[in-house]
Amino acid sequence: MDPQTRRTKKGKAAVKADEAKVDLTAVVVAVNDSEPCVLTVGHADTLPSGPFALEHRSLQSGLRGWVEQQTGHALGYIEQLYTFADRDRIGTERHQRVISISYLALTRKEQATNSAACGWQSWYEYFPWEDHRFGTPPVLLDRLRPRLIEWAGGASEPTTQRERRQRAAIAFGFDDRHWNEELTLQRYELLYEAALIEEAGGGRDAIAAAAGKPMVADHRRILATGIARLRSKIKYRPVVFELMRPSFTLLQLQRTVEALAGRLINKPNFRRLVEQQELVEETGETSLDTGGRPAKLYRFRHAVLDDRAIAGTKLPLARA
């Protein structure tokens, strides 16, 4: 074989080795009994996913196909989340750039087809520090905070120590800062940087320190992105109704928003805002499932979609 032929074949091999692999990953969310759930597949904690293939008409059709094939669940509302292509993150094979295109899908659990190959998991099993509905989680106070402070103080330079401490304070609400429920991804990335979670190679000590179930590859990072997006979006778009049954009480609506946000909402303010924006209308029926007086049933006014696409829908969260 002449040198030129060898160089040509070597070059082709290098190109092939550096080819990018495109994966499609879905964060499928439902709320069940006031608990936000994410759809997982297999025996491991894995989000529905699969490679984008030439036979797929589009990225969305490929995603829908993989989710339906793996879970038996046909997706309704979906939107693209983010594209991950970091070389140094989990899921990157040697000599191959793995591009993960993630999507957020909203559904109702009763719409899903029962399948032994999939299941619903509370997303707070993966992020226990994110649920502040019952006060500050012990895992945050007793485990994460001291480990993060130790990590910040372990930097060699005073400037880096101060920068780390400030980032931890902003993300996790330390040093008299308010908790911002939308910083889910920033908190996860900080824990990853501090090697306090298993995905970062922290081992068993990391699990004891940070708690929360790990997920395969970079799926917990993708889930954190989906949570952050949804927490932000429920404040200005009526996407929460994608998770509600056709008819519901105002308390059920409030509990759903609180479950997603991981925070409590002031009841009078919430109801006043929902009524002022004419998001719902009465069905003329009542529910006896409240355990007390019958509660009025409401339904989402689909006419508000056009208006709120421009004006926005404000669903406030209670602040300390």
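In this predicted model, helix α4 meets helix α5 through a defined set of residues. On the α4 side, these are Arg167, Ala168, Ala171 and Phe172. On the α5 side, they are Arg187, Leu190, Leu191 and Glu193. By class, five of the contact residues are nonpolar and three are charged. No polar residue takes part in the contact of α4 with α5. An α-helix has 3.6 residues a turn, so residues three or four places apart point the same way. Helix α4 covers residues 158-172, and helix α5 covers residues 184-193. Their axes come within 9 Å of each other. The crossing angle is roughly 140°. The crossing of α4 past α5 is left-handed.

Helix α7 was examined next. This helix runs over residues 219-233 and has 15 residues. From its first C-alpha to its last, α7 reaches 21 Å. That is close to the 21 Å expected at 1.5 Å a residue. Of the 15 residues of α7, 13 are buried, that is, under 20% relative accessible area. The helix is therefore largely enclosed by the rest of the structure.

These helices belong to a chain with ten helices and eight strands. The chain has 320 residues, and 45% of them count as buried.

Definitions and conventions
Residues are numbered from 1 along each chain as its sequence is written. This is a predicted model: local features need pLDDT of at least 70, side-chain atom pairs count only at pLDDT 80 or more; totals for chains, interfaces and linings use all residues. Side-chain values use heavy atoms; hydrogens and water are left out. Helices (H or I, at least four residues) and strands (E, at least two) are DSSP runs, numbered from the N terminus. Buried means under 20% relative accessible area, exposed over 50%, partly exposed in between (1.4 Å probe, protein chains only). Axes are lines fitted to C-alpha atoms, for helices over the stretch in contact, and angles run from 0 to 180 degrees between N-to-C directions. A crossing is left-handed if the near helix is turned anticlockwise from the far one by less than a right angle, and right-handed if clockwise. Contact means heavy atoms within 4.5 Å. Ala, Val, Leu, Ile, Met, Phe, Trp, Tyr, Cys and Pro count as nonpolar, Asp, Glu, Lys and Arg as charged, and the others, Gly among them, as polar. The expected span of a helix is 1.5 Å times one less than its number of residues.
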